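Subject: Structure handover

Hello,

Here is the structure for you to take over. My notes on it follow below.

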Amino acid sequence: MNDTNQTVEEVEEKVEEQPQPKSPSGPKRVVVDPITRIEGHLRAEVIVGDDGVVQDAFVSSTLWRGLEVIAKGRDPRNVPLIMQRICGVCTYSHYLKSTMAMENALGIKIPYNAELVRTLMDAALFLHDHVVHFYHLHGVDWVDIVSALDADLEKASKLAFKYSDNPIGTGVNELKKVKETVAKFATHPQGLGPFANAYWGHGTYKLTPEQNLIALSHYLKALEMQRLVAQMQAIFGGKNPHPQSLVIGGVTCVMDMLDPARMAEYMVKFKKIADFVNNAYYADIAMAAEMYKGEASVMKPMGVKNFMAFESMKVGKNDYLFDSGIIMDGDISKVLDIDISKITEDATHSWYKNDKALHPYDGETDGNYTGFVDGKSVGSDGKMIDTKNIDPEGKYSWIKSPRYDGKSMEVGPLAGILVSYVKGNKRVVKIVNEFLEKTGVPTEALFSTLGRTAARMLQAKLIADHGLTAFDNLIENLKVDQETCATYTIDKDKEYKGVGIGDVPRGMLSHWVRIKNGVVENYQAVVPSTWNAGPMDATGQKGPYEADLVGLKIKDITQPLEIIRIIHSYDPCIACAVHVMDTKGNKLSEYKVDPLYGGVCSV
Amino acid sequence: MNITKTDTTYDTLHKEFKERIDKLKKLPQMDRKHSIEEIIEENGFSRRDFMKWAGAITAMLSLPSTFTPLMAEAVKVADRLPIIWLHMAECTGCTESLLRSANPSIDSLIFNHVSLEYQETLMTASGWQAEENLENAIEKYKGRYILMVEGGIPSADTEHYLTIGGHGHTGKESAHHASEHAAAIFAIGTCSAFGGVQAAAPNPSNAVALSEITSKPVINVPGCPPSEKNIVGTLMHYLLYGTLPALDVYNRPKWAYRLRIHDLCERRGHFDAGEFVEQFGDEGAKDGFCLYKVGCKGPYTFNNCSKQKFNQGTSWPVQAGFGCIGCSEPNFWDTMGTVNEPLSNKLYHTTFGGLGADATADRIGLSLLTATAVGIAAHAAISAYKNPKE
């Protein structure tokens with residue numbers, strides 16, 4: 001083994017400590033780059049022992065764009081649109097939180113109508129995102145498309161009733177068509193196109209051919225559904241991706257709100273996607289839970305068991321679908337309050353200059369790219385080849401490492417569901433208990449890759465079941481109040497600071513702004529995938545992705561399906577995760593605006 | 001479109017297309033078993049649906065309806081063209097836009113049929129398997145594939161701000177390599193066409209347009225994101241002509257980017273009548289008045305949004321009451337001023353890069369837009385007096 005870097009040596013020492021049969025080759029490095037079916041550019045590297053168990057893992061983002069740097073010196077009204085371009089998948093999240101940050105800074109209270117319309121657009125985003133993630137990005141980690149060719153149609157059609165009383169797309173006629181489509185695709189002389197050279201037949205695929213066929217039918221149906229949900233958002237947003245109807249102070253889509261036909265269009269589309277969530281998405285997750293609950297690679301307890309979530313999805317006055325709070329160390333007996341002064345960001349292993357500890361507002365934002373190092377890793381044929389590798393001793397990612405009270409935290413739908421569940425949020429408790437009962441899975445099973453994937457579906461169901469509360473309240477309010485946008489002025493002689501914070505489809509997102517001389521003086525975004533995908537911090541503590549990979553047993557190191565499955569379960573959004581933050585160890589609380597929570601989440 | 005074209009010109013064009021298609025037909029077919037008609041039928045569409053779609057695309061390309069059967073023919077030979085789609089410094093919004101045309105729309109069937117050989121967001125394979133797919137496709141379809149690129153490209157001493165794959169190749173290397181052997185190259189979206197948001201001042205990653213890193217001709221399909229119709233339409237145009245479409249000064253296909261948003265805007269009548277939204281949420285906003293005074297950049301932006309709209313005709317920004325931000329224009333983040341104010345207003349002062357909004361507006365003033373900007377502003381000011389509601 002030519003790879004002589006420190007970590008491998010450490011790993012080898014560890015191997016010696018635990019008496020194991022002497023291996024002829026020793027631990028091997030495996031590089032997975034690009035990780036596909038995500039947003040952005042991501043690499044994972046693992047050190048795998050001869051027993052196939054991951055001994056160490058590193059995750060790197062390989063793209064930096066520097067949008068916060070670009071925001072500086074610009075008119076505050078332009079910045080939410082720039083921030084929206086952080087990501088075209090979370091196409092509404094950054095636009096919303098950035099607009100909220102400006103409103104918080106300028107002390108604007110937006111009209112109730114605008115709050116509710118923003119929620120309706122947000123509901124569309126959540127439903128779109130979760131459905132697309134499960135079926136089109138994560139789905140083929142669970143569903144073996146090729147296996148579906150062996151399915152018995154009658155059997156599959158009947159089986160669908162086990163998971164839903166009103167199954168979707170699983171009539172014998174429909175399944176027949178799906179099967180024929182795939183059969184043709186599989187025999188296509190040009191191969192499987194985007195499905196080519198994948199991991200079909202891998203030993204950790206657990207669904208039966210019939211179950212694979214059911215899920216595959218939903219995969220195709222979901223392509224249609226996501227288009228419909230995008231239309232739902234475009235009704236109020238003008239277009240999707242990158243809707244364009246939020247302004248500082250409210251929304252611009254007043255004509256659409258006052259048009260009953262337009263409102264009805266939203267409602268009808270909402271009901272269609274709600275039906276899909278309840279009878280396809282829910283059913284498929286229940287099916288996957290049943291079949292995968294014995295599969296070690298997805299039931300392995302997660303590496304980081306700290307969770308954080310923030311109130312979001314306002315559906316009525318003082319009524320939110322998601323709660324705020326923190327769960328530490330998997331202790332679901334209590335939820336702690338978030339104290340934002342305990343959030344820091346570390347850049348020890350991130351490609352930024354961080355020598356000097358500067359105040360965040362003066363923080364250096366220059367990249368300091370040190371690149372990869374020459375090394376060897378396992379090629380696709382199992383032989384060692386020359387590659388560019390991560391140097392775990394140095395800097396190795398464009399993502400920083402946010403910490404809460406010095407601890408790594410997971411954010412996302414699982415954190416959101418757990419926090420609300422433990423807090424006794426009635427809507428959430430009902431949904432979670434029903435699911436656990438139906439699948440016969442214990443609560444602890446939620447702390448796994450499977451649990452994370454299931455929680456995303458439960459969050460979609462929460463919105464499918466209760467999102468229209470915001471719609472009903474909007475209709476009621478429009479009868480007496482048609483305000484959609486508050487007025488404001490930006491005083492060039494004043495200095496403003498503000499934050500927009502709340503859970504978005506991938507977890508807790510916050511945007512922080514400081515305005516001076518009428519322009520943006522400093523801008524920061526602390527993004528869900530940053531919490532989850534960050535590299536080690538100064539103490540060597542790993543973030544959720546990396547920690548989750550350690551201890552994972554891999555069947556075939558040339559077919560990294562287990563690695564991809566774990567990483568996909570977080571729904572990575574890497575363009576989002578890569579951001580310039582303050583310098584090492586500085587507290588975000590220095591952005592703190594008083595009162596922080598009083599006015600922050602008024603939206 | 002050249003509206004003065006005579007029937008004779010069209011006859012010639014028609015003949016050229018026919019020859020081009022016949023030539024394409026002679027190329028080896030990728031899929032001998034299934035014609036596009038079969039695929040369309042299998043997916044529940046009739047021949048009539050297909051012809052309707054072909055007709056719509058024909059009209060979109062500003063060709064007379066007599067070209068519809070030829071368009072249908074062209075689609076049938078589309079399966080000879082594999083597509084490689086690369087992600088550079090981007091947000092995946094363009095891919096998402098493409099997804100919006102997904103099943104069961106005919107557009108997406110065409111794409112399936114065309115065969116997406118490499119697309120990181122959608123493909124199953126990761127790591128080495130993904131890299132192999134790319135290499136195989138480039139090798140196997142050398143000189144025959146269409147390259148579509150999403151995102152700006154980090155360059156100069158920050159070229160390494162984007163690397164892809166286990167060998168750590170930069171985005172620039174990867175895009176350049178794929179460009180070398182492509183039959184045609186489309187820059188999808190404003191980032192790939194002009195550098196986009198990451199290239200806005202001070203451009204920390206030195207992001208550049210695709211056309212900056214290859215000597216081959218690049219067709220720009222800008223927009224943030226562009227509609228899927230503009231993407232498919234560009235592809236169809238290539239199939240028909242076998243050459244670059246008529247392009248404007250920014251290498252945008254004229255059939256899509258020939259007219260200003262303002263020219264076909266649904267609120268144009270209000271502009272002419274001097275009826276403006278003065279403030280978001282006011283009575284004018286409820287009545288759908290012109291958005292010029294709250295910052296619409298439609299008069300300076302060339303695209304077909306006002307005609308094609310987004311999300312299967314659901315809406316577009318002007319309909320949602322916001323106004324155009326000029327997203328298909330080069331450097332629009334730096335040159336279009338404040339989103340919620342008219343371009344000609346020089347009231348707001350910004351300080352970035354020592355330029356400020358004043359300097360930016362002045363720079364715009366030097367450009368060809370001067371006359372338009374002054375004229376539009378004058379109209380807005382004068383018509384306000386004429387407007388009895390004022």
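Start with chain B. Take the contacts between residues at least 6 apart in sequence: 71% of them join residues at least 24 apart. Keep in mind that this is a predicted model.

**Chain B overall**

Chain B has 390 residues, and 55% of them count as buried. Its secondary structure comes to 17 helices and 9 strands. Two domains are assigned in chain B: domain 1 covers 7–256 and domain 2 covers 261–386. Where they touch, domain 1 of chain B supplies 15 residues and domain 2 of chain B supplies 14 residues. The domain 1 side of that contact has 9 nonpolar, 3 polar and 3 charged residues.

**The sheet in chain B**

Five strands of chain B make an open sheet with parallel pairing, in the order β2-β1-β3-β7-β9. The edges are β2 (116–119) and β9 (219–221) of chain B. Each has a single partner strand, so one side of each is left without a neighbour in the sheet. Neighbouring strands are turned by 20° against each other on average, direction ignored.

Now the pairing at β2(B). Strand β1 (residues 83–87) of chain B runs parallel to β2(B), and 3 bridges join the two. One residue pair to look up: B:Ile84 has B:Tyr118 in β2(B) as its bridge partner.

Two helices of chain B pack on this sheet. Helix α7 (residues 127–140) of chain B touches β1 and β2 of chain B, and its direction makes about 140° with that of β2(B). Helix α8 (residues 171–180) of chain B touches β1, β3 (146–150) and β7 (184–188) of chain B. The direction of this α8(B) helix makes about 165° with that of β1(B).

**The interface**

Next, the contact between the chains. Here 89 residues of chain A are in contact with 79 residues of chain B. Several elements of chain A give two or more residues to this side, among them β1 (28–32), α7 (172–186), α8 and β12 (384–389). Which element gives the most to the side of chain A that touches chain B? The answer is α8(A), with 11 residues. By class, the chain A side has 39 nonpolar, 34 polar and 16 charged residues.

**Helix α8 of chain A**

The axes of helix α6 (residues 153–163) and helix α8 (residues 209–237), both of chain A, come within 9 Å and cross at roughly 70°. That makes α6(A) roughly perpendicular to α8(A). On the α6(A) side the contact involves A:Lys155, A:Ala156, A:Leu159 and A:Ala160. On the α8(A) side it involves A:Glu210, A:Gln211, A:Leu213 and A:Ile214. These residues divide into 5 nonpolar, 1 polar and 2 charged.

**Strand β1 of chain A**

Of its 5 residues, 5 are buried, so β1(A) is largely enclosed by the rest of the structure. Both faces are covered. A:Lys28, A:Val30 and A:Val32 lie on one side, A:Arg29 and A:Val31 on the other. Strand β2 (residues 42–48) of chain A runs antiparallel to β1(A), joined by 5 bridges. A:Lys28 has A:Val48 in β2(A) as its bridge partner.

**A three-stranded sheet in chain A**

Chain A also has an open sheet of 3 strands in the order β14-β15-β16, with antiparallel pairing. At the edges stand β14 (495–504) and β16 (519–526) of chain A. Each has a single partner strand, so one side of each lacks a neighbour in the sheet. The twist averages 15° from one strand to the next. Strand β15 (residues 507–516) of chain A pairs with β16(A) over 7 bridges. A:Arg514 stands opposite A:Asn522 in β16(A). Helix α4 (residues 93–106) of chain A packs on the sheet and touches β14, β15 and β16 of chain A. The direction of α4(A) makes about 145° with that of β14(A).

**One residue: A:Ile574**

A:Ile574 lies in helix α19 (residues 574–577) of chain A. Is A:Ile574 buried or exposed? It counts as buried, because it has 27 C-beta neighbours inside 10 Å. A:Ile574 and A:Ile86 are 488 residues apart in sequence, yet 9.5 Å apart in space, C-alpha to C-alpha. Leaving aside neighbours within four places in sequence, the contacts of A:Ile574 include A:Ile38, A:His41, A:Leu42, A:Ser61 and A:Ala533.

Best wishes

Technical notes. Residues are numbered from 1 along each chain as its sequence is written. Chains are lettered from A and ligands numbered from 1 in the order in which they are written. This is a predicted model: local features need pLDDT of at least 70, side-chain atom pairs count only at pLDDT 80 or more; totals for chains, interfaces and linings use all residues. Axes are lines fitted to C-alpha atoms, for helices over the stretch in contact, and angles run from 0 to 180 degrees between N-to-C directions. Helices (H or I, at least four residues) and strands (E, at least two) are DSSP runs, numbered from the N terminus. Angles under 35 degrees count as roughly parallel, over 145 as roughly antiparallel, 65 to 115 as roughly perpendicular and the rest as oblique. Two residues are in contact if their C-beta atoms, placed from the backbone, lie within 7 Å. Ala, Val, Leu, Ile, Met, Phe, Trp, Tyr, Cys and Pro count as nonpolar, Asp, Glu, Lys and Arg as charged, and the others, Gly among them, as polar. A residue is buried if 20 or more other C-beta atoms lie within 10 Å of its own, exposed if 12 or fewer, and partly exposed in between; C-beta atoms are placed from the backbone. Domain bounds come from an automatic or database domain assignment. Two strands pair if DSSP finds at least two bridges between them.
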